[in-house]
Amino acid sequence: MTDLDTISWRGIHLELLRRINERIWPPGSLIPNEADLAAEFGCARTTVNRAMRELAEAGLVDRKRRAGTRVALHPISRVVIDIPIIRLEVEQRNAEWSYGLLSQDMQPAPARITSRLGLERDTAMLHVTSMHFTDNHPLLHEDRWINPAAVPGVEEMDFAAVSANEWLIQNAPYTGGDIAFSALNADSKLAELLEADDGAAVFVVDRITWDGQVPVTAVRLSYAPGYRMNTRV
C-alpha cells in the first residue's frame, strides 16, 4: 500500500482511486469489504465508507447490498464546476474588472423562471441585470432572478455597490444546482450591450442553485464573442 499522509477518508479515497486507475483492481473486480480495508488502513470502518461513497458518486464503483462493491465496468466521468466570482476570474487573468448595474427591482417572475424553480406562477422575485467588463471591454451580461424566501433581506441590498454574483457566493448558502451551456444568437439589445454584431453567436450559461429543496437563484450569463471557458476533468 502507498504511504498515506494521514488515515483520513480523503487519503484512503486517493489510495483506492490509485488502485482503480492502475488496474490493481480492474473493471468488474470485487473490492475488499469495508471491514477488511479498515483493518488494512488502521482506521474506522466509517472512514472507509466515506471514501467509498465518493467513488460511488463519481461512478467509479458499483455498490450493491449483499453483493459487495465492484469496480465499474463502464465508469461514468463527471465534471465538477465551481461557481466563480467573476471579479476574481478576471483578475486572475491579469486583467482589470469593472461592473455596472443595469436594473434591480422586485417583480412577478415570468413563467419560464417559476416553472424551472418549482415556484407558484407570478411569485415575486428580485430581478437584477448587470454588465461585467474586462479591461473596459464587455465580458458578459448577467440576467438574474433571486428568490427572497431563500435569501432574507436581499431586497435591501444595493447591487450597484457589489455584484449579485459575488454577494450571493459569499452570503447565500447552496447545496447544489443545475447548469446548461449553449450558443445563442444575440438580439439587437444584447448585441449592443456586448458590442457585438446583431445575431452574433454568444456563449450562454444558464444556472440554477438550490439550498436543499429551496431554489435560491436562476441566472443567465451571456458572454461577449471570443470568450473561452476552461475546466478540468
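**Notes on the chain and its charged side chains**

1. Of the 233 residues in the protein chain, 39% are buried. Keep in mind that this is a predicted model.

2. On overall dimensions, the protein chain has a radius of gyration of 23 Å, whereas a compact globule of 233 residues would have one near 17 Å. Along the principal axes, the C-alpha atoms fill a box of roughly 60 × 40 × 30 Å.

3. On secondary structure, the protein chain has 7 helices and 9 strands.

4. How many salt bridges does the structure hold? The count is 12. Side chains of opposite charge can pair when their charged atoms come close. Three of these pairs are taken up below.

5. Start with Glu 15 and Arg 19. Their side chains form a salt bridge at 2.7 Å, N to O. Both belong to helix H1 (residues 9-21), and because they are 4 residues apart there, about one helical turn separates them. Are Glu 15 and Arg 19 buried or exposed? Glu 15 is buried, and Arg 19 is buried too.

6. Next come Arg 45 and Glu 34, whose side chains meet in a salt bridge at 3.4 Å, N to O. This pair links distant parts of the chain: Arg 45 sits in helix H3 (residues 45-57) and Glu 34 in helix H2 (residues 34-41), 11 residues apart. Glu 34 has a relative accessible area of 14%, so it counts as buried; the cut-off is under 20%.

7. Cover for the two partners is as follows. Arg 87 is partly exposed, at 22% relative accessibility. Glu 166 is buried, with a relative accessible area of 9%.

8. Last, the surface. Asp 187, Glu 192, Asp 197 and Asp 198 gather there in a patch of negative charge. Asp 198 is placed in the loop between helix H7 (188-193) and strand S8 (201-211). Its relative accessible area is 60%, so Asp 198 is exposed; the cut-off for exposed is over 50%.

Methods
Residues are numbered from 1 along each chain as its sequence is written. This is a predicted model: local features need pLDDT of at least 70, side-chain atom pairs count only at pLDDT 80 or more; totals for chains, interfaces and linings use all residues. Side-chain values use heavy atoms; hydrogens and water are left out. Patches are made of residues with over 30% relative accessible area and no salt bridge: like charges are joined within 9 Å, nonpolar side chains (Val, Leu, Ile, Met, Phe, Trp, Tyr) within 5 Å. Accessible areas come from the Shrake-Rupley method with a 1.4 Å probe; for residues, only the protein chains shown count as cover. A salt bridge is a side-chain nitrogen of Lys or Arg within 4 Å of a carboxyl oxygen of Asp or Glu. Lys and Arg count as positive and Asp and Glu as negative; His and the chain ends are not counted. The place of a charge is taken as NZ of Lys, CZ of Arg, CG of Asp or CD of Glu. Helices (H or I, at least four residues) and strands (E, at least two) are DSSP runs, numbered from the N terminus. Buried means under 20% relative accessible area, exposed over 50%, partly exposed in between (1.4 Å probe, protein chains only). The radius of gyration is taken over C-alpha atoms; the globule rule is 2.2 Å times the number of residues to the power 0.38.
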